[in-house]
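Here are my notes on this model. Please read them with the structure open beside you.

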Amino acid sequence: MKDKVLMKGNEAIAEAAIMAGCRHYFGYPITPQTEVAAYMAKRMPKIGGTFLQAESEISAVNMVIGAAAAGVRAMTSSSSPGISLKSEGLSYMAGCELPALIVNVQRGGPGLGGIQPSQSDYFQATRGGGHGDYHMLVLAPGSIQEMADMTVKGFELAETYRMPCMLLADGTMGQMMEPVVLNVDNVKTAEKPWAVTGTKCEREHNVINSLSLVPEELEKWNLKRYERYACIEENEAMAEEFMTEDADIIVVAFGIAARVSKNAVVAARKEGIKVGLIRPITLWPFPKKILANAAQQAKHFISVELSMGQMIEDVELAIRCSRPVSLCTRVGGVIPSPEEVLEAIHKVQL
Amino acid sequence: MRTRRVTLLAGHYGSGKTNIAVNLAFARKKEGFEVTVADLDIVNPYYRMKDSEEALKEAGIPLISSAFANSNVDLPALPQELYRIIDDKNGQMIVDIGGDDRGAYALGRFAGALKKENDYEMILVINGYRPLTGDEKETAQIMKEIEDAGHLPFTGIINNSNLGNETTAEDILASVRYAEKTSRETGLPLLLTTVRADLLPQLTGKIDNLFGMTLQKSRLW
């Protein structure tokens, strides 16, 4: 039989994390991401790993902090309301400069919301979510294969830059099934001389801490962190471009919205409309340069998202408001149809 | 495949039980049987028989389903008309059980009555392309877990090995060995091998007991 397997997005995340060397998963169930935990519960004991269902999201994220401080690849996963609970831990992780993978399989909100897909945690993911000046790396996969690939990449990026990385998916991406190839050759690991692994009386203590009693010191830490963020913005932004070369209209969409939008772009091209798609794969850093570049040719942008208009702000900022940007959206757990996106394309007056 | 009064479909999470249940119901109806389908899934709030409600209604196949299936109410709820599975002896009953052992717990309450009546087929749905049922040993392990939870022994296997939309005739052919090995490992007869209807012409004559299916849930993306 083939080396391809048929996986749900949630399962692909879990298996790819294991492949990436993650042996420490701490979680708490919530629909639509529970399969990540269920899969880990089955697999981890067989490979000598730790699956732990914590008593709450808050303890789960703090267990991740502990494991990450010890230098191992650790992760947690949840869906929107659970991520809100984990946000304190994410801020601490950023402050302590700890790498870990945090998965958010988004559902409709605010509050308890619903269990259907949404992208309305965009602000929460890209602006931090927790308190203080910080960012997380935010990856937005567009296929089940990419769910697996971005899980591996997420661990690597987190370790390279010593910061938390969020995999931002949605209920549909978590639940739908597609064939996946898991390629173990792609896994890279980093040295962690900073980890608290015991000094064996051979070196100074490593300290993992986010508390600073001297304001000038704390300022220095923050400035240093933002130097690193600038380097990330320069080097790590990723996006897929589809039929953008001669496009008058650019649709910008990520995750499930990008899959719907791609069908709309193909349909519009058949009608002779010059439209293309930019699919941000990293939401932070946002692929500003790719959008700014497209704005030299394109006259209009459409942000397609499952929120009341969150990513649209980054689109406008990326192109410095040099072109009009319209919004095409469904919320509350509803996904726009390709026809609705096509209608938004038709509405553009060039 | 024998047509017993009750056909129960159980197996690993995501192995294709729901889709097979609906397709089997259509096929049996076409053969002239009165058919009812029942959704006993208490695991997954998505991808339920409720997705096929319209098509089933059109075909004159009643659906027994929880009022909360496919709703935002994420409860492991069973349908009100649950006991029709046992008591309604009018025609065929096709029952979709939730995935893995956790799903099979819902079956336990019927096990005694079904054994007593002894007119049921308990089918293990397998897909060798799924990650936790990639070989006969793993599949047999999940089978045992389901039997322990549901208190009802399996009577046969349906090979539903597929890679979703990307499935080719070669993929199905390659899965036959896995299905046969699983049959030997579990001691259960291989009843059917399913195939997407459009691949049927390429495989007819090459695999015994083929069952052509259409996917009940279409995607917009």
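1. Start with strand S4(A). Both of its faces are covered: A:Ala74, A:Thr76 and A:Ser78 on one side, and A:Met75 and A:Ser77 on the other, are all buried. Buried means under 20% relative accessible area, with a 1.4 Å probe and protein chains only. Strands are DSSP runs of E, at least two residues; helices are runs of H or I, at least four; both are numbered from the N terminus. Because 5 of the 5 residues of S4 (residues 74-78) are buried, the strand is largely enclosed by the rest of the structure.

2. A word on the basis. This is a predicted model: local features need pLDDT of at least 70, side-chain atom pairs count only at pLDDT 80 or more, and totals for chains, interfaces and linings use all residues. Residues are numbered from 1 along each chain as its sequence is written.

3. Now the neighbours of S4(A). Strand S2 (residues 24-27) of chain A pairs with S4(A) in the parallel sense over 2 bridges. Pairing requires at least two DSSP bridges. A:His24 stands opposite A:Ala74. S4(A) also runs parallel to strand S5 (residues 100-106) of chain A, joined by 4 bridges. There A:Ser78 stands opposite A:Asn104.

4. Turn to the two chains. The contact takes 29 residues from chain A and 30 residues from chain B; contact means heavy atoms within 4.5 Å. The rule finds 4 salt bridges across the interface. Each is a side-chain nitrogen of Lys or Arg within 4 Å of a carboxyl oxygen of Asp or Glu. A:Lys4 forms a salt bridge with B:Glu166, with the closest N and O atoms 2.9 Å apart.

Methods: Chains are lettered from A and ligands numbered from 1 in the order in which they are written. Side-chain values use heavy atoms; hydrogens and water are left out. Buried means under 20% relative accessible area, exposed over 50%, partly exposed in between (1.4 Å probe, protein chains only).
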